[in-house]
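Please read it alongside the coordinates.

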Amino acid sequence: MGANAYQIGENNDFNVEVYGVAAISVVSYGDAIGGDVNPELNKGPVIENESRIGFRAGKAMTENIDVFMQVESGYVDNVDWGHGGVHGGVLGFRDTFVGLKGDWGKVRFGRVLTPMYEIIDWPYANPGLGASWDWGGDVAYYYDRQSNTIRYDSPSFGNFNFALAVGRDDDANPSSQSSSGQDNASKDSYFYGAAAHYRFADMVTLHAGLEAAQDFRGSADVDTFGWLVGFEASLPAGFGLAAAYKSGESKDKTGATTVKSEQDSYSVIGQYWAGSLGFKLGYTANLESEVEGVKQSDEDSIISGQVMYVVNGFVPYLRVAQRDIIDWRGENDDIVVRVGLEYGF
Amino acid sequence: MGANAYQIGENNDFNVEVYGVAAISVVSYGDAIGGDVNPELNKGPVIENESRIGFRAGKAMTENIDVFMQVESGYVDNVDWGHGGVHGGVLGFRDTFVGLKGDWGKVRFGRVLTPMYEIIDWPYANPGLGASWDWGGDVAYYYDRQSNTIRYDSPSFGNFNFALAVGRDDDANPSSQSSSGQDNASKDSYFYGAAAHYRFADMVTLHAGLEAAQDFRGSADVDTFGWLVGFEASLPAGFGLAAAYKSGESKDKTGATTVKSEQDSYSVIGQYWAGSLGFKLGYTANLESEVEGVKQSDEDSIISGQVMYVVNGFVPYLRVAQRDIIDWRGENDDIVVRVGLEYGF
Amino acid sequence: MGANAYQIGENNDFNVEVYGVAAISVVSYGDAIGGDVNPELNKGPVIENESRIGFRAGKAMTENIDVFMQVESGYVDNVDWGHGGVHGGVLGFRDTFVGLKGDWGKVRFGRVLTPMYEIIDWPYANPGLGASWDWGGDVAYYYDRQSNTIRYDSPSFGNFNFALAVGRDDDANPSSQSSSGQDNASKDSYFYGAAAHYRFADMVTLHAGLEAAQDFRGSADVDTFGWLVGFEASLPAGFGLAAAYKSGESKDKTGATTVKSEQDSYSVIGQYWAGSLGFKLGYTANLESEVEGVKQSDEDSIISGQVMYVVNGFVPYLRVAQRDIIDWRGENDDIVVRVGLEYGF
């Protein structure tokens, strides 16, 4: 979005920007979100408005330190029940931070993606693979966007760059006893993350990430560890290919013995562009998770195809996905269809 | 507001605007909101801040398709308990959509007014008639602002134009099981709406609207239908007159037999301008509703007068209304006094 | 912030501004927020993002009346549980009003600080004294930011100016029976406030404030009264000194006999600037409260030191405070450390 952000002027040397993304789609989940087991959960087609608005302001503090800030709303029609029913239309829902940058890299304090999740989200969750790949796993071993995070992103060293982060959990519903509300944390709950990116031969980029947490999401005695490796390749004649594998484990020491859960997942995405017309096909799967080495028969997968057309900077798309998902609602399989349009400004 | 919106510039061909309305008033409801029955509900005078802020961004996609979006907050001091306690200060509370337009009209996807409710709200609810006319009825048969709506507005064909909409209910309090939060919907709950406007002799405009819903507000087996006709007339010597009649029914098929409820309502508003000084007088009534043909002794009415003065684009006003309202709190009659100021930017 | 606000242009004669404050800090409360009694409440270091975004728009209405409005969000990562869990990222959380001004002063309608609390907050709560001085008292006798307020601020009469306010409580959690949500009020609950400021010899400013309420915070039969006196002095050689004393009482007439509670508090702050490097040292204490003349052994205090450095308009700071606090969680003493950066735009 940096390239698109609209600079509304300079004031006292501050660059101030308002920016946003317009993103609308009509989607029908069919039985894929619980309707196989409970037909009432099949709610029919709905409109999802994932548009958001943000603000940025910054200026140079010293010759080699720029100070910058960002405040961004969430999707304007969503509610985050995991955080106590916060409406997406509040400012500070998505990446919201104050940072410093220079030719030494940049460091941000606040609410940002973890380095590993950033790779999970892009390029490996699109088109429409997130319900399995992002948040569909049966073993939880990574955060996504976290409020209590300090994250460092290196400058490019030739074709290489990396990111490091340390943060706290804030997944508990903030309670009235919290002195500061949203940015809750649990004593002894910390996570550590890293990512590395390397590009070679001008056509292949390798991505790797890892994330370790103690007292994951504030659960005393639950430690987690996960890693991801992946690549993106630009092939001749308009073709492209990307794939990633991730694996994680959770050790629950609450009881008399430690219970170890593990799960592996992968995502494979091909694309083809014929001028302004693009096609994307993705497949992702969570393999059966294991608890103390015993398989749990909980594998799920999504295969999804997308057709898109670039016209004067807009990219309307049609996406059709077959979801085979097993979650707390049982096994729910169906075709999900989405038609949408998105643009940043 | 379109005319007033402030364009903050162009970026990558996008027109980006921030706009808003400042609207403050001091109001005393007296016993009109329940105090007749329960004196504790008479809370004394309060300040209502109905100000809101919005953003727009768009550009041409093709020669005859412009893409546009709008995100607007609610009233900055309100809470919408009907939607789970969403604060008015969130973005996305009022009309929030992405749309396409051209000389063929415009279509919007997202959160907009229904065609019939748009007429109910203006010109027939001002000054201060809404508590009976808008939302005071005893038979519910129309939505107001709905998230899951696709609405088409025609261009002007001479003096005629029309609007069509199809949408879903989202009145249920979004639950944690919802995949997308705010934009909830219930299976099989749909509504269909239309409006038409015709102007003749340069002084009279006719308005008509209708709205039909199945599984209204997500209630299985409750179907509704309603219609409205009205006119506005500019009379000589600074006088004006407007009146509308609406009628609706609700069929509840939950039990062994279908229960049919009906209610009719009307609104009549006269105005007179002497230079910058304006007067408005309105009367509205909900007639007795009928359940299976049996009258329910639940009629209510409001008579309201308003004095306003235009000064350099501002319109401060004083409004005095006699409300005779019967609702779930019992019969509550009193005079409501409001002093306020409103301006768009 | 007025001087820093960024004017994004004029539209139809309206000046429209977007402004904001970026404020980030890393803070460790140690045991000071309950950890002495309940170690689980010691949550370890967290990041607090007190950044906020606001909008202003106004223009002249007559030769001597300018109309202005402001809408400001709260801290983007906070939640106000006292008001029903409103997220700080909503618009309308901090000072949000419509007002009129001229050479006769200014009057604001909406959500503003009370005149006395404005003095409590500045200059007497910084650095880091608020947990005792602002909101740590055992006898509640003043509001802070109130929605249902009309506040008048005089122009300067030479070195003197004053402010007057009248308002309503809105501390109750808004309920679904409220017609207007957030701006709730209780019948017969009113407050009255005043402040005066006098500067002499170009180096000393005196501040005084008072506030009286009936049915304080909507509690029938609880009346309160409080006052504050203080001074600020610019001393030679970069030194400065400020101190204030406040005293208040609450009379609870709920039972058969009136119960009177009283408490006194003071705050003393010294500062020293050596060029761009500044030091601040503050001490505040709530003296033992008395209920019907009986001392309650509930005194608390904070001593806090701050080092700050001005660099190109930014002021990074380090603050270390020893808190000795007795509240509903018991006695909790510890050192609070905060490192932060703040700037307005």
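Tyr266(B) is partly exposed, at 26% relative accessibility. The term means between 20% and 50% relative accessible area; buried is under 20% and exposed over 50%, with a 1.4 Å probe and protein chains only. Tyr283(B) is also partly exposed, at 33%.

This is a predicted model: local features need pLDDT of at least 70, side-chain atom pairs count only at pLDDT 80 or more, and totals for chains, interfaces and linings use all residues. Residues are numbered from 1 along each chain as its sequence is written, chains are lettered from A and ligands numbered from 1 in the order in which they are written, and side-chain values use heavy atoms, without hydrogens or water.

**Aromatic pairs**

A pair of aromatic rings is described by the distance of the centres and the angle of the planes. Here, rings of Phe, Tyr and Trp (its six-membered ring) pair if their centres lie within 6.5 Å; planes under 30 degrees apart are stacked, over 60 edge-to-face, and the rest tilted. Over all chains, the whole structure holds 58 aromatic pairs. The rings of Phe55(A) and Phe55(C) are edge-to-face, because their planes stand at 65 degrees, with centres 6.0 Å apart. This pair crosses between chains, linking strand β4 (residues 52-62) of chain A to strand β4 (residues 52-62) of chain C. Strands (E, at least two residues) and helices (H or I, at least four) are DSSP runs, numbered from the N terminus. Phe55(A) is buried at 4%, and Phe55(C) is buried at 3%.

Tyr266(B) and Tyr283(B) form a tilted pair, with centres 6.2 Å apart and planes at 45 degrees. They are 17 residues apart, in strand β16 (residues 259-274) and strand β17 (residues 277-286) of chain B. Elsewhere, Phe14(A), Phe314(C), Tyr343(C) and Phe345(C) form one aromatic cluster.

**The core**

A nonpolar core is a set of buried Ala, Val, Leu, Ile, Met, Phe, Trp, Tyr and Cys residues joined through side-chain atoms within 4.5 Å. The largest one has 63 residues. Phe55 and Tyr343 of chains A, B and C touch the most other members. Contact means heavy atoms within 4.5 Å. Beyond four places in sequence, Phe55(B) contacts residues including Phe55(A), Val18(A), Met69(B), Leu91(B) and Phe55(C).

**Charges and polar groups**

The criterion is NZ of Lys or CZ of Arg within 6 Å of the ring centre and within 35 degrees of the ring normal.

| Lysine | Ring | Distance from ring centre |
|---|---|---|
| Lys246(A) | Trp133(A) | 4.5 Å |
| Lys101(B) | Phe68(B) | 4.9 Å |

Arg52(A) lies in strand β4 of chain A. It is buried, with a relative accessible area of 9%. A polar atom of its side chain lies 3.1 Å from the backbone oxygen of Glu50(A). Leaving aside neighbours within four places, Arg52(A) contacts residues including Tyr19(A), Glu72(A), Arg94(A) and Glu342(A).

**Backbone features**

The Asn126(A) to Pro127(A) peptide bond is cis, with omega near 5 degrees. Pro127(A) sits in the loop between α1 (115-121) and α2 (130-133) of chain A. Trp122(B) and Pro123(B) are also joined by a cis bond, with omega about 15 degrees.

Asn312(A) is not a glycine, yet has a positive phi of about 50 degrees. It is partly exposed at 43%. Asp202(B), also not a glycine, has a positive phi of about 55 degrees. Asp202(B) is exposed, at 65%.

How values were computed. A polar contact is a pair of N or O atoms within 3.5 Å; within protein, one must be able to donate a hydrogen and the other to accept it, and residues adjacent in sequence count only if both atoms are side-chain atoms.
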